[in-house]
Every structure is written in C-alpha cells, then in structure tokens.
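Biologist: Could we go through this model together? Please put it on the screen.

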Amino acid sequence: MSDTATVTPAADAATDAVFAVRNLWKVFGPKAETVPGNAELTGLDPVELRERTGCTAAVRDVSFEVKKGEVFVVMGLSGSGKSTLVRCLTRLIEPTSGSVEIDGEDVLAMDKNRLRELRRHRASMVFQHFGLLPHRTVLDNVAYGLEIQGVARAERREKAMKVIEKVGLEGLEQRRPGQLSGGQQQRVGLARALAADPEVLLFDEPFSALDPLIRRDMQEEVVRLHREEGRTMVFITHDLSEALKLGDRIALMRDGRVVQLGTPEEIVGSPADEYVRDFVRDVPREQVMTCRSAMRPVDSDADEDTKGPAIAPDATVSEAIEAVARSGFPARVMDGARCLGVVDHEQLLGVVAGVTPKGAAGRGGPAAKAGPSIRKEVTGEVAS
Amino acid sequence: MATATASTPVRDTGIGALLRRRAVVKLLLLAVVAAVAVPILNAKWASGAWPEALTVDVSEPLTKASDWIIDNRDSHWLFTYFFGHISNAIVLSVRGVYLVLLAAGWAGVTVAAGAIAWRVAGLKLAALATAAFAACGLLGMWVPTMQTLALMVVAVLASVVLGMLLGLAAGLNDRIFRMMRPVLDTMQVLPAFAYLLPVVLVFGIGVPAAVLATVVYSAPPMARLTALGLRGADGGVMEAVASLGATARQRLLSARLPLARKELLLGLNQTIMMALSMAVIASVIGAGGLGDRVYQALSTVDVGQALAAGIPIVLLAVVLDRVTGAAGERLGAHAEDNSPLRGWRGWSIAAAVTLACALAARFADRLEWPTSWVVQIAEPVNTAKDWMVDHLYTGVPVVGGTADWAAHFTTYVLDPIRDGLQGLPWWSVLLIVAALAWVIGTWQTALTAVLAMAAIGVLDVWNASLDTLSQVLAGVAVTVVLGFAIGIAASRSKRLEALLRPVLDVFQTMPQFVYLIPVVALFGVGRAPAVAAAVVYALPAVIRITTQGLRQVSPAAMESAQSLGATSWQQLRQVQLPLARPALMLALNQGVVLVLAVVVIGGLVGGGGLGYDVLAGLARGDLATGLVGGIAIVCLGLMLDRVTQPTERRAKKGA
C-alpha cells in the first residue's frame with residue numbers, strides 16, 4: 001500500500017466503506033510513474049503537464065470512500081477522468097499510484113487470481129456501449145458471467161432467467177443483442193452484471209447512449225433495484241440531473257480532480273467554487289433542497305408550532321411549496337412529534353430564487369450571483 | 001513525407017498544388033542523380049540491354065543445388081526425416097480422401113455436396129451444388145473432379161490450420177503482426193507461377209509439391225484475415241468480458257474468436273478460391289485432376305477437351321464461392337432460426353440422406369459414373385471451333401477475323417512496345433521505374449522497385465522480362481481503358497450495374513487457368529491470346545473497384561456540385577474522379593498484379609517471356625532456368641506492385 005496517504009483513517013471507521021480510494025493517480029504517457037511523486041509536476045495544470053512531459057493525468061490525487069448500500073455518483077464532463085477512475089477500481093485500468101481498497105483489502109496488491117475473483121463475484125460493471133456478445137442470445141449473454149465462473153449450464157440458465165425477469169426482459173431471452181433496442185440491450189447489460197450477484201455494481205455512463213425517455217425509464221429501474229436490494233452502486237455520469245436523481249452522494253470531477261464531494265443538496269446548496277456554481281446554476285433548487293436547510297426557527301408568539309401543515313425535514317422545498325400554497329399557513333418541519341422549525345413564503349422563495357433570506361438555518365445558500373430570476377417551471381435535464 | 005498527400009485526397013487547390021510541387025521536387029532530385037550517374041554508367045557499360053559485366057550466372061550453383069537435392073533425396077537426413085515425412089503424409093492423406101470420395105460413389109458425393117450446401121447456405125444453393133456435381137459427371141469428368149477435390153480438401157485444411165495459427169500469432173502479438181504484414185501483402189501480389197519451382201526443387205514433380213505450392217499460395221489470406229479479425233474485436237466487448245473476470249483463454253475462445261467469425265469465414269472463402277486456382281495451375285507440377293486435363297488439352301490445342309475439363313472447374317469455383325459466401329452472410333443476418341431442423345437435427349438428416357444415397361448406389365453397383373450418361377461435348381465443340389477457324393479467323397468482310405486481330409495486335413502493339421523496351425538503355429529503364437514509383441509512392445517503394453528491376457538484370461533474364469513486361473503494359477493499358485470506361489458507366493447507371501453484377505461475380509470466382517481456353521479457341525496461340533486472357537481476367541476487378549470508388553464519393557460533394565449547376569461531365573471530371581483517386585489507383589494496382597499473373601501463365605499458350613522459361617525449365621528438368629524465371633517473375637511482380645502502389649494501401653481483395 002502506498003504511503004503517500006497523509007491521513008490514515010482509523011480501521012474501524014472504514015468498516016462500512018466498500019471502496020476506499022486514497023490519493024489515486026492515473027497518468028497516461030511516457031514515464032507516467034514519475035509524475036505523481038513529483039511535487040513540481042503535480043502542481044501543473046493539464047495543458048502544461050502535457051507540454052512538459054507528454055503525459056496526461058486522467059485521475060489526479062483522488063480520495064473518497066463508498067459506503068455500504070449507498071449510490072455513489074461520480075459526475076463530470078467528458079475528459080474529466082471519471083471513466084478512468086471507475087476502471088481503476090477493478091484495475092481494468094492499472095492505477096499509477098495511490099491505493100484502492102475493497103472491504104479493507106488492498107486491490108492493487110491482488111494477484112491475478114484474486115483480482116479475477118474480485119471481478120467475478122464482488123464488483124460487476126455496466127458499460128455505456130453495453131459490451132454484449134453479438135453471437136449469443138440474451139439468455140447466454142446474461143449467463144456469460146456465470147459461465148466463465150464455471151457454473152453448470154442448467155444452474156446458470158436458471159439463475160439468468162430469474163435476473164432476466166427482474167429487469168423486465170421476459171420473452172426476449174432467445175433474441176440476439178442486435179435485435180434489441182438500445183434500452184433493452186442495456187437491460188441485458190444490467191442483468192449480466194446482476195447475475196453474478198456482486199457486492200457492488202459499477203455503472204459507466206450506462207444511459208448516455210439512450211433516448212431521453214428510455215433513459216428516464218432506466219433511471220427509475222436503477223432506483224427501484226436499489227430500493228429493493230440495497231446494493232452498493234458506483235455510478236458514473238455526465239448528466240447532472242441524473243446525478244442528482246440517483247446519487248446519495250456525488251463526487252464532482254474536473255480535469256482529474258474531485259472538486260466537490262457531498263450530497264446533492266450540498267452540491268446545489270453550497271457549491272465549493274465557481275466551477276461547481278456554474279455547473280449547478282440551472283438546477284431547479286426547490287427539487288433538490290430540503291426543508292431542513294431552508295427552515296427558520298419557530299416563532300412561538302405567532303402560534304406557528306401548533307398550526308399549519310406538518311412536513312418532514314427531508315421533504316423537498318417544492319413539496320413544502322405545495323403544502324404552504326394549499327393551506328395558506330407556514331409549514332411546520334416535524335421530526336416525529338418535535339417541531340424543528342418552519343418554512344414560509346419567504347424561505348421557500350429564497351430557495352427558488354437562490355438567495356438566503358434572513359434567519360434561515362441553511363448552511364449558507366448560494367450567493368445571490370444568479371440574481372433573482374423569475375423561473376419558469378424547470379423540467380428535464382439541466383446540464384447535458 | 002508523402003503520407004500526408006495520399007491520406008488527404010486532393011480536395012482543394014492548395015493540396016493539389018503542393019502535391020504537384022512535391023512530384024516536381026522528386027523528379028528534379030532524380031534528374032540530378034541521373035545527370036551524375038548516367039555518364040559514368042554509360043561510359044563503363046554502354047549497351048542497350050543489361051550489360052554482361054553486371055550479370056551473375058546463378059544457373060551453375062542452382063543446377064548444382066538441384067542435382068545435389070536429386071542425388072540426396074533418398075539418403076540425406078533432411079529428406080528422410082523431414083521432407084520425406086511431409087511428402088508421405090501428403091500423399092497418404094490425398095490418397096485417403098480420394099478413396100473416401102470414390103467409395104462414396106458419385107451418388108454419395110453429389111448428395112453430400114447438396115446436403116452440406118443445404119445446411120450452411122439454404123435450399124437454392126443446395127440445388128446449385130447438386131446440379132454442378134451432376135454436370136461434372138455428365139461431362140465425363142467425374143474421376144478428375146474427384147482427384148482435384150481430394151487435393152483441394154487436403155490443401156485447404158492445411159492452409160486453414162496454418163493460416164489460423166499464423167493469424168492467431170499475429171492477431172495477439174503486435175510485433176509478429178508488424179513483421180508478418182509486409183510479407184503477407186507481398187505474397188498476395190505474386191503470381192501463382194512463382195511458387196511452383198521452389199517446391200519442385202525440394203519435392204520433385206508430383207502431388208506433394210502441388211499440395212505444398214497450393215498451401216503456400218492460399219494460406220496468406222486466411223492468416224491475414226484471422227489477424228485482422230482478431231485485432232478488430234470490439235474494444236467495448238473485450239473490456240466487458242475482462243470486467244466479468246474472464247481468463248485470457250476464455251477471452252480468446254468465448255469473445256475474441258467468435259467476434260472475428262465474419263473475417264474467419266471470409267478468410268476461408270478466399271483460401272478455398274485461391275486453393276482451387278492454384279490446384280488447377282499446379283497441374284504443371286503434377287497435380288493431376290481437372291487442371292491436368294486442361295493442360296494436356298491446351299498443349300495439343302484441343303479446345304473441346306479443354307472445355308469439357310474447364311466447365312467443371314468453373315462450376316466447382318462457383319459452388320464453393322457461393323456456399324462459403326452464403327454461410328458468411330447467414331452469420332451476419334439476425335434472422336431468428338426457429339425451424340425444427342435447427343442444429344444437429346438438420347445435420348443428422350443430411351448425413352442420413354447422404355448415407356442412404358451412397359449405400360443405394362453401392363448396392364445398385366453404380367459406384368462409378370455410368371458411361372452411358374456421359375455427354376461428349378469435345379467433338380461438337382471442336383467441330384464448332386474448326387468452323388470458327390475456317391470462317392471467323394480471317395477474311396470476314398470489313399471487320400477482319402479474330403486471327404487477324406491477334407496478328408495486328410502483335411505486330412502493331414506488342415512488338416513495338418517490346419522492341420522499344422528492349423531498345424531502351426538499361427539505365428533509363430531503371431530511371432523510369434524509379435521516377436514512377438517515387439512520384440506515386442514513397443522513396444521506399446521506389447527503392448524496392450529499382451532493386452527488383454536491377455535484380456532481373458543481374459540474373460541475366462533482362463530481355464525475357466522485358467518481353468513479359470511489354471505484354472503486361474499492353475494488357476494493363478487495355479484493361480484500364482476498358483475498366484475505367486465501364487466502371488464510370490456502371491457508376492452512373494444503376495441498370496448497367498445490376499446487369500454487370502452477376503457477370504462480374506462469376507468472372508471473379510473463376511481460376512486464372514480457365515481463361516486460357518476461350519482465348520485459344522478465338523485467337524489461336526501466341527502472345528496476343530495471352531494478353532487477351534489477362535485482360536479478361538483483370539477486367540472484373542478493375543471495373544468493380546472503379547464503380548465502388550466512384551459510388552463512394554461523398555453525396556454531399558456531389559450535391560453541392562449539382563446545386564452550383566455543374567454539368568455531368570464537370571461533375572465527373574472535377575468532383576468524382578479527383579475524390580475517387582485512391583480507388584482508381586487501387587484499381588490500377590490490382591489490374592497490374594492480375595494481368596501479370598495471367599500473362600505469366602500465358603507461357604502455356606505460347607506467350608513466351610518468363611512464363612515460357614518456367615515451363616521450359618519444368619519440362620526439360622532444367623530447374624535452374626525455371627528457378628531464375630520464377631525469381632524474375634517475383635521481381636517483376638514486386639516492381640510492378642511498388643510502381644503502382646499508392647502510399648495508403650487498402651486492405652482489399654482484388655479478385
């Protein structure tokens with residue numbers, strides 16, 4: 001394991017982490033291995049680095065942990081290194097330096113067999129361009145992972161059939177990939193990854209090649225699968241709305257670095273820098289921000305803790321808007337029987353407009369750079 | 001440096017001007033070299049033909065080597081322990097296959113052919129295959145057909161195994177691929193005749209030599225396509241397979257090879273076609289079978305017999321090509337095969353029917369093709385030919401006769417070109433070769449071309465080679481004029497293209513050898529018929545590549561030219577032809593290679609030149625002469641290919 005890590009987290013803190021990535025570098029080019037250790041080179045921006053050394057740093061000093069059961073989204077524009085990053089997790093691309101652990105086990109130290117075991121049983125991947133075998137039927141494609149593990153024919157077919165049903169492909173199992181639509185092909189890809197019953201699912205921009213409507217279906221499919229099985233997922237995307245919709249936590253990448261890592265609400269509510277702010281500018285905040293961050297303390301003089309609609313702290317602002325508009329009273333943010341605070345017109349409008357009203361408990365909304373704007377109903381994707 | 005000019009087709013005047021400037025620069029450089037070298041060379045060895053002083057007599061060492069091999073064939077360990085085993089294995093396996101074919105009887109073989117075609121290619125081709133084999137019997141050629149088939153089976157199996165192994169190595173290893181590619185490219189442009197003598201030197205005349213020549217000739221396409229197929233595997237699929245934890249072996253067997261199955265089948269198809277072509281030509285080194293019948297008939301100008309043996313060759317070629325081709329297309333199609341005869345059931349039915357037919361014929365004592373069913377076509381054909389000789393050869397009013405044409409072509413085209421070439425000072429021939437190769441290609445191709453040409457001089461076959469070259473040039477000129485004209489016409493008229501397609505399909509599948517039969521019937525023997533056969537053989541490929549090249553010109557460019565009001569002549573001259581330049585160059589290159597291949601074989605019908613040297617060497621047992629002729633053919637082929645080779649070579653099959 002590399003010693004470059006400055007902070008070694010306590011062992012018990014990492015127990016609920018499925019993947020732990022520390023100071024990961026991937027540099028392409030001649031003498032790539034010298035770049036990460038060289039303080040002078042690591043400070044350069046990508047263009048300078050290429051001019052000086054002929055190398056491209058696809059992943060630069062990235063650290064994060066993926067917790068058990070969460071959907072961890074890595075999001076960034078094309079060329080930001082996100083696809084390289086996810087391939088480093090199972091060493092489809094060999095990292096240049098840093099460390100990757102799965103359940104506390106060092107992935108980079110694994111020998112061929114151990115690595116194969118990892119790929120076979122612990123982490124399966126779904127690809128943007130599906131990567132299906134055109135000469136096999138859907139059933140045999142789904143069973144392929146089991147086949148190379150040496151599972152007997154009858155057993156693997158039975159398992160594959162179950163997964164095919166799960167992703168909604170019944171009746172198509174004798175077709176070949178070429179006869180399916182893009183969305184159906186990606187369901188096959190998903191089923192193939194699920195068939196091995198892996199601990200983690202890795203998605204590499206799985207829906208980028210699909211039509212918008214089918215993409216939405218597939219996103220819902222993933223949400224449903226996650227709800228049903230609670231499987232850990234690492235999801236790569238360049239689509240901000242997809243990231244916000246699916247992610248429990250999001251790592252936003254730019255030029256190989258993670259510029260911000262946080263919940264969707266943190267990313268939208270308090271962007272770390274200008275780049276992120278620019279990125280999330282057009283996001284409909286009311287659909288991401290929760291009442292917990294928008295509420296203000298209860299004014300007990302005004303009887304606010306007893307009347308008005310009750311709403312959960314995790315409810316989105318847009319839900320609160322509806323409640324407030326229907327009842328005409330400020331909404332009470334209730335955690336069980338306890339009233340945490342209230343949201344009224346002022347707070348809700350502040351969220352929508354992107355300004356922080358006085359007295360809000362939120363962790364500092366975005367500075368009012370965007371200015372108050374009259375917003376039409378925002379739907380669909382934002383950043384693609 | 002020329003890479004840039006060739007990879008970007010002349011699109012605007014800027015690049016065009018640059019290209020012209022480059023060509024001028026190259027020519028100027030060459031002129032400077034010539035100005036210095038020529039006076040010196042001329043002072044030292046002033047002669048028209050290649051100077052005696054610069055030749056090396058290789059016939060003596062070659063004769064010695066050949067004698068040594070003949071003397072030691074039965075005693076030296078190299079032969080008894082290595083070549084002897086190869087030779088025996090080949091003889092045994094060809095014999096074995098032949099006996100199996102005979103034991104199956106004509107009924108068994110015909111039905112088996114139909115059944116196999118049915119399973120891999122459908123009912124229509126099954127009917128074609130059955131009919132073709134029946135026709136072979138009807139023409140009285142059953143036994144020679146089986147001899148050729150037995151040789152083919154062994155040679156194709158060996159070629160496929162060898163080609164796959166080489167292809168696997170090159171497909172999985174970059175270094176092997178880089179080393180093998182130029183070798184395979186070069187082997188593909190060499191005429192079949194060049195392969196005959198080296199194997200005869202080692203194995204003597206007979207079946208082993210014929211099979212080995214066939215294997216060497218037909219394995220390269222399999223190796224090449226296997227390598228290309230394996231390298232072309234979809235990276236996304238390979239990555240997905242790796243991500244599932246497949247081992248290297250699993251990745252190869254379950255993904256990389258199946259992904260390349262189209263290329264593999266195409267390779268099989270090309271290998272079979274080339275093997276048939278060579279198996280027929282190899283009759284001059286003892287292959288027997290159909291080719292031998294044609295060869296014997298041609299040597300006595302017995303057109304009827306030649307035709308009777310030639311038709312089965314064509315039928316065999318068409319059936320083999322269509323069946324393997326259809327099998328490839330079936331793989332590509334996504335049609336769901338839900339018929340109850342899918343898989344092993346269909347095959348077992350096919351096997352059962354075949355067996356039943358074979359047994360029925362055996363018990364009916366009808367194993368051999370019944371003589372009463374043979375249709376003798378030789379005699380009527382010869383009568384017709386005699387009538388032609390009397391009425392068409394000469395003295396037809398206004399148009400003259402075919403023999404007159406041939407004589408005129410020889411006197412007014414071939415002789416002047418040959419005399420002109422032979423009259424040129426030797427160094428000027430080298431200069432012309434260098435200039436052409438350099439302007440069209442790179443300095444490397446120019447160097448190879450000049451060295452190849454010089455080697456011909458050094459081997460002292462300068463005049464014979466220039467004789468062959470004159471035939472090639474005349475043939476190429478006719479081929480290119482006709483081919484481009486027909487190609488342009490076909491690219492402009494869908495009707496003409498649809499009309500031409502089946503004709504071209506058949507012509508492109510026929511072995512080179514077969515083309516000699518009709519030209520001998522029409523023009524008699526000599527150099528003109530050899531050139532005519534070469535033109536007919538090369539024409540389909542040239543037409544096809546031209547048509548495809550013109551058709552592939554970007555429709556957007558054509559549309560914009562139309563919208564600017566260009567006439568169709570302007571469109572052709574200013575848009576289509578410049579944009580199709582790479583395709584036209586490829587057509588020229590293929591034309592040259594194919595014409596050479598047949599001109600050399602033309603030695604069989606009195607074409608003279610290098611082909612005659614090879615044949616004479618074989619006939620007289622004078623292997624040295626033959627080998628020198630063979631090497632000169634290789635050099636000539638290399639030279640002609642390099643001279644016409646544009647920098648960007650397309651991986652495309654010409655014939």
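Biologist: What percentage of the 655 residues in chain B is buried?
Modeller: Buried residues make up 47% of chain B, where buried is defined as 20 or more other C-beta atoms, placed from the backbone, within 10 Å of the residue's own. This is a predicted model, in which local features need pLDDT of at least 70, side-chain atom pairs count only at pLDDT 80 or more, and totals for chains, interfaces and linings use all residues. Residues are numbered from 1 along each chain as its sequence is written, while chains are lettered from A and ligands numbered from 1 in the order in which they are written.

Biologist: How many helices and strands does chain B have?
Modeller: Chain B has 28 helices and zero strands, taken as DSSP runs of at least four residues (H or I) and at least two (E), numbered from the N terminus.

Biologist: Turning to the interface, how many residues of chain A are in contact with chain B?
Modeller: 18 residues of chain A are in contact with 15 residues of chain B, a contact being two C-beta atoms, placed from the backbone, within 7 Å.

Biologist: Which elements of chain A each supply at least two residues there?
Modeller: They are helix H4 (112-122), strand E6 (123-126) and helix H5 (138-149) of chain A.

Biologist: Elsewhere in chain A, in what sense do strands E12 and E13 pair?
Modeller: E12 (residues 331-335) and E13 (residues 338-343) of chain A pair in the antiparallel sense over five bridges; pairing requires at least two DSSP bridges. Asp335(A) stands opposite Arg338(A) in E13(A).

Biologist: And what is the phi of Gly336(A) in the turn?
Modeller: Gly336(A) has a positive phi of about 70°, in a hairpin with two residues between E12(A) and E13(A).

Note on methods:
A residue is buried if 20 or more other C-beta atoms lie within 10 Å of its own, exposed if 12 or fewer, and partly exposed in between; C-beta atoms are placed from the backbone.
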